[in-house]
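Hi,

Here is the structure I promised to pass on. Have a look at it first, and then read my notes below.

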Amino acid sequence: MSSTIIAPPGLTTTRAPFIEQAQQDGQLYIHQPYEQYSDANHDAWRRLYTRMQDRWARYANPRFLQGLDTLQLNPDRVPRLEEVNRFMEPRTGFRAKPVSGYVPAFLFFDSLRKREFPTTITIRDGATLDYLPEPDIFHDIAGHVPMHTDAAFADALVRFGDCAHTAAEHVAEAHDSEEAARRATSIITAMARFFWFTVEFGLMHGPEGRGIKAYGSGLLSSYGELAHSVDSPEVQRYPIQLEWVINQGFEIDRFQPLLFVVNGFEHLFELVGELERWMRHGKLDNVAPGEPALSEADVRSFLEAKRGLD
Ligand SMILES: [Fe+2]
């Protein structure tokens, strides 16, 4: 009898049969079929992780470095989400929850409220380590999740998730459906911009206000942009201002030319509180139109959310 070793199909971004099947079946929440990662997938993780180490030591904020320590990720293998959760959950209650693709805005923010982080399980192709428009497991686990081990940051995320409920209530109070759709579009745009300029691309003053460190996951998962965000004279860095952030568009496919700096995670938490107050008072109903482009599913998710909340 002869035996053949069948190579696993791989979980490469945009080329994973397991993900295609889940999407066809309309399954958003999935499991992580760990045995399907190919050697090339593990190799991509190892190369991504290894080259970041010096950059993290130099540019990441101290809480991120502590988070990496807590998670004890294996530099050589794609992480198992169950193991990540075993280290993370006791700290802040946050859990990485595997998803098959895009999570509509309300559902995404509501997950944060429940301390669940929708997490991509595919990994980028090793031939294109640098640029990837889609999130992948390196971005989600090595960029986001170490921050979720920090109590102050985790509380800010949960509070941001609460905002989605406030938003849904505010949208439902609109006098007609056209006004509701308009409010939803404006508020989601404001929330997406806030999220982008903080959780994804935020900078922070270093200890005692000296120096600048990164805490945004888009920076922390990018070899080129992490150094650029802190060192380059081409980047404009400003103390964060809420009215500016919610009206500021952005493009996703280039190094960010404009970044905002917070003083610390307590500051971030206060800003989310301010965002929620503004929302309640209708101050997010008319933000500047423009990027990011929203999908119909994003808007619908907020319009339909109130029904689910009652
Ligand atoms: Fe992200």
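On the face of helix 4 turned away from its buried side sit the exposed residues Glu82 and Pro90. Helices (H or I, at least four residues) and strands (E, at least two) are DSSP runs, numbered from the N terminus. Bear in mind that this is a predicted model: local features need pLDDT of at least 70, side-chain atom pairs count only at pLDDT 80 or more, and totals for chains, interfaces and linings use all residues. Residues are numbered from 1 along each chain as its sequence is written.

Back to helix 4. The buried residues there are Leu81, Val84, Met88 and Thr92. They cover an arc of only 55° around the axis, which puts them on the same side of helix 4; the arc is that of the directions from the helix axis to the C-beta atoms. An α-helix has 3.6 residues a turn, so residues three or four places apart point the same way. What covers the buried residues of helix 4 includes helix 3 (62–71), strand 1 (95–99), strand 2 (116–120), helix 6 (137–144) and helix 7 (151–172). Contact here means that the C-beta atoms of two residues, placed from the backbone, lie within 7 Å.

As for length, helix 4 runs over residues 81–92, twelve residues, and reaches 16 Å from its first C-alpha to its last, close to the 16 Å expected at 1.5 Å a residue. That expected span is 1.5 Å times one less than the number of residues. Glycine 93 follows helix 4, and its phi is positive, near 85°.

Helix 10 (residues 223–231) can be described in a similar way. Glu225, Leu226, Ser229 and Val230 are buried in helix 10, and they cover an arc of only 125° around the axis, which puts them on the same side of the helix. The face turned away from the buried side of helix 10 carries the exposed residues Gly224 and Asp231. Among the elements that cover the buried residues of helix 10 are helix 2, strand 3 (203–205), strand 4 (212–214), helix 9 (217–220) and strand 6.

Next, a helix pair. At what angle do helix 7 and helix 12 pack? The angle is about 5°, and their axes are 9 Å apart. That makes helix 7 roughly parallel to helix 12. Axes are lines fitted to C-alpha atoms, for helices over the stretch in contact, and angles run from 0 to 180 degrees between N-to-C directions. Angles under 35 degrees count as roughly parallel, over 145 as roughly antiparallel, 65 to 115 as roughly perpendicular and the rest as oblique.

The buried residues of helix 7 include Phe153, Ala156, Leu157, Phe160 and Cys163. Its 22 residues should span 32 Å at 1.5 Å a residue, and the end C-alpha atoms are 32 Å apart, which agrees.

A few backbone details are worth a look too. Glutamate 291 and proline 292 are joined by a cis peptide bond, with omega about 0°. Proline 292 lies in the loop between helix 12 (265–280) and helix 13 (296–309). Phi is positive at glutamine 72, near 50°, in a residue other than glycine. Glutamine 72 lies in the loop between helix 3 and helix 4 and is exposed, with 11 other C-beta atoms within 10 Å. Arginine 115, also not a glycine, has a positive phi near 60°. Arginine 115 is in the loop between helix 5 (105–113) and strand 2 and is partly exposed, with 18 other C-beta atoms within 10 Å.

Finally, two buried residues. Phenylalanine 260 is found in strand 6 (residues 258–262) and has 25 other C-beta atoms within 10 Å. Leaving out residues up to four places away in sequence, phenylalanine 260 touches Phe197, Gly202, Leu203, Tyr238, Ile240 and Val245. Asparagine 41 lies in helix 2 (residues 39–59) and counts as buried, with 24 C-beta neighbours inside 10 Å.

Cheers

Methods
Buried ≥ 20, exposed ≤ 12 C-beta atoms within 10 Å, placed from the backbone.
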